[in-house]
Amino acid sequence: QVQLVESGGGLVQAGGSLRLSCTASGSFNSINAMHWYRQAPGKQRELVAAITGGLSTNYADSVKDRFTISRDNAKNTVYLQMTSLKPEDTAVYYCYATVLTIGRTFARGYWGQGTQVTVSS
């Protein structure tokens with residue numbers, strides 16, 4: 001019904017920048033909040049940033065002032081601009097969105113497949 005596809009990951013040196021994108025497709029009425037999570041090897045998945053339909057944002061303390069989340073509702077896309085990257089930012093980054101699909105009363109969450117970000121020192 002709903003697919004989330006991330007792109008933009010890759011290998012970057014410490015101090016560099018990357019921009020991740022996540023686009024939703026399928027049959028739905030609306031997309032509520034959109035989030036970026038990440039999971040490093042041997043660690044639990046953690047919330048990196050979130051943005052509501054009203055464009056309120058929230059960030060993990062570890063990425064504040066370095067990462068910026070934004071969205072383009074016309075393109076059903078959320079972005080994560082990452083700057084001043086550190087080796088500890090290395091992880092698989094996942095997009096998560098709460099979506100109200102056609103015929104449903106309540107929104108439910110969907111995950112993307114993830115994109116690898118590797119920051120070398």
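Modeller: The structure holds one disulfide. The model is a predicted one.

Biologist: Which residues does the disulfide join?

Modeller: C22 is joined to C95, with an S to S distance of 2.2 Å. The pair links distant parts of the chain: C22 sits in strand β3 and C95 in strand β9, 73 residues apart.

Biologist: Buried or exposed, those two?

Modeller: C22 and C95 are both buried.

Biologist: And what is the handedness of the disulfide?

Modeller: The torsion about the S-S bond of C22 and C95 is about -80°, so the disulfide is left-handed.

Biologist: Back to C22. What stands opposite it in β8?

Modeller: V78 stands opposite C22. Strand β3 covers residues 18-26 and strand β8 covers residues 77-82; the two run antiparallel and are joined by six bridges.

Biologist: What holds paired strands together in general?

Modeller: Strands of a sheet pair through backbone hydrogen bonds, and the pairing is either parallel or antiparallel.

Biologist: OK. What is the strand order in the open sheet with β3 and β8?

Modeller: The order is β1-β3-β8-β7, four strands with antiparallel pairing. The edge strands are β1 (2-7) and β7 (67-72), each of which pairs on one side only. From one strand to the next, the twist averages 15°.

Biologist: Now β4 and β5. How many bridges join them?

Modeller: Five bridges, between β4 (residues 28-39) and β5 (residues 46-51), and these strands run antiparallel. One of the partner pairs is R38 with E46, the latter in β5.

Biologist: How many residues lie between the strands of that hairpin?

Modeller: Six residues lie between β4 and β5, and in this hairpin G42 takes a positive phi near 75°.

Biologist: And which way do β5 and β6 pair, parallel or antiparallel?

Modeller: Antiparallel, over three bridges, with strand β6 being residues 57-59. A49 stands opposite Y59 in β6. β5 and β6 form a hairpin too, with five residues between them, and L55 in the turn has a positive phi of about 75°.

Biologist: Change of topic. Where does R66 lie?

Modeller: R66 lies in the loop between β6 and β7.

Biologist: Why do you call R66 buried?

Modeller: The relative accessible area of R66 is 10%, and buried means under 20%, so R66 counts as buried.

Biologist: What does R66 touch?

Modeller: Leaving out residues up to four places away in sequence, R66 touches Q81, M82, T83, S84, L85, K86 and D89. With D89 there is a polar contact of 2.8 Å between the side chains.

Biologist: How far is R66 from T115?

Modeller: Their C-alpha atoms are separated by 19 Å, and R66 and T115 are 49 residues apart along the chain.

Biologist: Last topic, the largest nonpolar core. Which residues touch the most other members?

Modeller: W36, L80, M82 and Y93, out of the 31 residues in that core. M82 is also one of the residues that R66 touches.

Biologist: Where do nonpolar side chains tend to be in soluble globular proteins?

Modeller: In soluble globular proteins, they tend to be buried together.

How values were computed
Residues are numbered from 1 along each chain as its sequence is written. This is a predicted model: local features need pLDDT of at least 70, side-chain atom pairs count only at pLDDT 80 or more; totals for chains, interfaces and linings use all residues. Side-chain values use heavy atoms; hydrogens and water are left out. Two strands pair if DSSP finds at least two bridges between them. Axes are lines fitted to C-alpha atoms, for helices over the stretch in contact, and angles run from 0 to 180 degrees between N-to-C directions. Buried means under 20% relative accessible area, exposed over 50%, partly exposed in between (1.4 Å probe, protein chains only). Contact means heavy atoms within 4.5 Å. A polar contact is a pair of N or O atoms within 3.5 Å; within protein, one must be able to donate a hydrogen and the other to accept it, and residues adjacent in sequence count only if both atoms are side-chain atoms. A nonpolar core is a set of buried Ala, Val, Leu, Ile, Met, Phe, Trp, Tyr and Cys residues joined through side-chain atoms within 4.5 Å. A disulfide is a pair of cysteine sulfur atoms within 2.5 Å.
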